[in-house]
Amino acid sequence: MFYGSIPALVTPFSGNCVDEDSLLAFVDWQIEEGSSALVPCGTTGEVATLTSEEQHAIFRLVVDHARAGCPSSRVVEAIRRPPVSTM
């Protein structure tokens, strides 16, 4: 069912905000290098400092950009539309 590289993505910041351009460039690089799935807000540590709204905004950004994947290992969280974020 699962195969290949499935990395937990680091979340780059610029100042106090998520650096969306760097995050999307990292997503592109992971895909180009053959990762078969991506884990935004994974186990890289910074997720503990993000609000639920920020996490959902990152999920949506990564999933929309990659056009594949699941933003959570919990089905209920993966299918729930995230709240609008001011990120």
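Modeller: Helices (H or I, at least four residues) and strands (E, at least two) are DSSP runs, numbered from the N terminus. The model is predicted: local features need pLDDT of at least 70, side-chain atom pairs count only at pLDDT 80 or more, and totals for chains, interfaces and linings use all residues. Residues are numbered from 1 along each chain as its sequence is written, and side-chain values use heavy atoms, with hydrogens and water left out.

The part to look at is helix H1, which runs over residues 20–32. H1 has 13 residues, and the distance from its first C-alpha to its last is 18 Å. That is close to the 18 Å expected at 1.5 Å a residue (the expected span is 1.5 Å times one less than the number of residues).

Next comes the question of which side of H1 is covered. Leu23, Leu24, Val27 and Gln30 are the buried residues of H1 (buried is under 20% relative accessible area, exposed over 50%, partly exposed in between, with a 1.4 Å probe and protein chains only). Looking down the axis of H1, these buried residues fall within an arc of 115 degrees, so they line one face of the helix (the arc is that of the directions from the axis to the C-beta atoms). Asp21 and Glu32, on the other side of H1, are exposed. Asp28 is also found in H1; with a relative accessibility of 31%, Asp28 counts as partly exposed.

The buried residues of H1 pack against strand E2 (17–18) and helix H2 (52–66). One distance gives a sense of how chain positions come together: Asp28 and Val62 are 34 residues apart in sequence, while their C-alpha atoms are 9.8 Å apart in space. Val62 is one of the buried residues of H2. After H1 comes Gly34, whose phi is positive, near 100 degrees.

Now to the partner helix. With 15 residues at 1.5 Å each, H2 should span 21 Å, and its end C-alpha atoms are 21 Å apart, which agrees. The buried residues of H2 are His56, Ala57, Ile58, Phe59, Leu61, Val62 and Val63. H2 is followed by Arg67, which has a positive phi, near 55 degrees.

H2 also holds a charged pair. Arg60 forms a salt bridge with Asp64, and the closest N and O atoms are 3.7 Å apart (a salt bridge is a side-chain nitrogen of Lys or Arg within 4 Å of a carboxyl oxygen of Asp or Glu). Arg60 and Asp64 are four residues apart in H2, so about one helical turn separates them. Arg60 is partly exposed, with a relative accessible area of 29%, and Asp64 is partly exposed at 39% relative accessibility. A search of the whole structure finds one salt bridge.

Pro40 lies in the loop between H1 and H2. At 6% relative accessibility, Pro40 counts as buried. Leaving out residues up to four places away in sequence, Pro40 touches Leu9, Ile58, Phe59 and Val62 (contact means heavy atoms within 4.5 Å). Three of these, Ile58, Phe59 and Val62, are among the buried residues of H2. Pro40 and Val10 are 30 residues apart in sequence, with 7.5 Å between their C-alpha atoms.

Thr11 lies in the segment before strand E1 (13–14), and Thr11 counts as buried at 8% relative accessibility. Beyond residues up to four places away in sequence, Thr11 touches Val18, Glu46 and Ile58. Ile58 is therefore a residue that both Thr11 and Pro40 touch.

Here is the chain as a whole. The protein chain has three helices and two strands, in the order β-β-α-α-α along the sequence. Buried residues make up 31% of its 87 residues. Of the contacts between residues at least 6 apart in sequence, 62% join residues at least 24 apart.

Last, the predictor's confidence. The mean pLDDT of the protein chain is 78, and 75% of its residues reach 70 or more (pLDDT is the predictor's confidence in each residue, from 0 to 100). Over residues 69–73 the pLDDT stays under 50, and the model has seven contacts for them beyond four places in sequence. Residues 81–87 have a pLDDT below 50 too, and this stretch has 12 contacts in the model beyond near neighbours in sequence.
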